[in-house]
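I opened the notebook to look up a few things in this structure. My notes follow in the order I took them.

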Amino acid sequence: GHTLGMLSLLVDGTDVFTGDTLFKGSVGGVRAPGSTSYADLKSSIMDKLLTLPPETHIHPGHTDPTTVADELEDNKFVRIWRGVDPEGDEPCKALDEDATLVLLGDDYDGGYKAWVRWPDGADDIVPGSRVQRTAS
């Protein structure tokens, strides 16, 4: 997930280096040049990385390390994917196009990352700075 050729490396069964696929409390984007799809990113995180043992240490490409257990419990994107929290349904403009804001979550750099749904039903993870809330 995140970009073509992105790899995560599991070392000694206890530490995984995730690059820009999964961050502490956030996920990678899927709109930059070379990015893969939302479905690919979600599958990489939910079907591969977060199936590792809960005590596995996650080392993202940026910012602080975390664990599988912590991301399952605290990552807002993961909580919605797991069905723990509901999706949002706020109308917005994302990348200057009409969309639905499913989640405005924290990003690794102190900013925000947004999960948006386009009118055709496709999902994307985009920079939060590129989302304008339109609800009053």
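I counted two strands as paired if DSSP finds at least two bridges between them. Helices (H or I, at least four residues) and strands (E, at least two) are DSSP runs, numbered from the N terminus. This is a predicted model, where local features need pLDDT of at least 70, side-chain atom pairs count only at pLDDT 80 or more, and totals for chains, interfaces and linings use all residues. Residues are numbered from 1 along each chain as its sequence is written, and side-chain values use heavy atoms, with hydrogens and water left out.

**Entry 1: the hairpins**

I looked at S7 and strand S8 (residues 97–106) and found antiparallel pairing over five bridges. Cys92 stands opposite Ala99 in S8. S7 and S8 make a hairpin with two residues between them. Leu95, in that turn, has a positive phi of about 55 degrees.

I then followed S8 to S9: they run antiparallel, joined by six bridges. Gly105 sits opposite Lys113 in S9. This hairpin has five residues between the strands, and Gly110 takes a positive phi near 90 degrees.

**Entry 2: Lys93**

I found Lys93 in strand S7 (residues 90–94).

Leaving aside neighbours within four places in sequence, I list Asp98, Arg130, Val131, Gln132 and Thr134 as contacts of Lys93 (heavy atoms within 4.5 Å). The side chains of Lys93 and Asp98 make a polar contact at 3.0 Å. I took a polar contact as a pair of N or O atoms within 3.5 Å; within protein, one must be able to donate a hydrogen and the other to accept it, and residues adjacent in sequence count only if both atoms are side-chain atoms.

I also checked Thr14: it is 79 residues from Lys93 in sequence and 41 Å away in space, C-alpha to C-alpha.

**Entry 3: the open sheet**

I traced an open sheet of four strands in the order S1-S2-S5-S6, with mixed pairing. Its edge strands are S1 (9–11) and S6 (66–67), each pairing on one side only. Strand S5 (residues 57–60) pairs with S6 in the antiparallel sense over two bridges. His57 stands opposite Thr67 in S6.
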